[in-house]
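Let's take a friendly tour of the charged side-chain pairs in this model. The sequence and structure come up just below.

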Amino acid sequence: MENIEMNRKAIHTLEDWNPFAMDDFSYDTEAADVVAALQNIDNPSELGKVIQGIYEQSFEQWIPIEECIDISYKLLAIKFEAKCII
């Protein structure tokens, strides 16, 4: 799986997550920031904290860290799947 495919899957996963349950809303900016962080982070807790910070900064709403860590595990699974296929 190419990096582009990994990024597409990660963005789709983040769009499906929709932490604030907004209708017809795009998290493009936040997803791009999270995918950029995903390139350099392999620890789910660390990535979860980054995700929490990105969304909190954009929306001025707090997401429980457990939810952020849950999504970080899904994103890291996509990342490691991409590395194994190469």
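A salt bridge here is a side-chain nitrogen of Lys or Arg within 4 Å of a carboxyl oxygen of Asp or Glu. This is a predicted model, and it holds three salt bridges.

| Salt bridge | N to O distance |
|---|---|
| Asp42 and Lys79 | 2.5 Å |
| Arg8 and Glu5 | 3.1 Å |
| Lys9 and Glu81 | 3.8 Å |

Let's start with Asp42 and Lys79, whose side chains meet at 2.5 Å. This pair links distant parts of the chain, 37 residues apart: Asp42 sits in the loop between α2 (28-38) and α3 (44-59), while Lys79 belongs to helix α4. Are the two partners buried or exposed? Asp42 has 43% relative accessibility, so it counts as partly exposed. Lys79, in contrast, is buried, with a relative accessible area of 4%.

Lys9 is partly exposed at 31% relative accessibility, and Glu81 is partly exposed at 36%.

The remaining pair, Arg8 and Glu5, forms its salt bridge at 3.1 Å. Both residues lie in helix α1 (residues 3-17), and because they are three residues apart there, about one helical turn separates them. Glu5 counts as partly exposed, at 27% relative accessibility.

Technical notes. Residues are numbered from 1 along each chain as its sequence is written. This is a predicted model: local features need pLDDT of at least 70, side-chain atom pairs count only at pLDDT 80 or more; totals for chains, interfaces and linings use all residues. Side-chain values use heavy atoms; hydrogens and water are left out. Helices (H or I, at least four residues) and strands (E, at least two) are DSSP runs, numbered from the N terminus. Buried means under 20% relative accessible area, exposed over 50%, partly exposed in between (1.4 Å probe, protein chains only).
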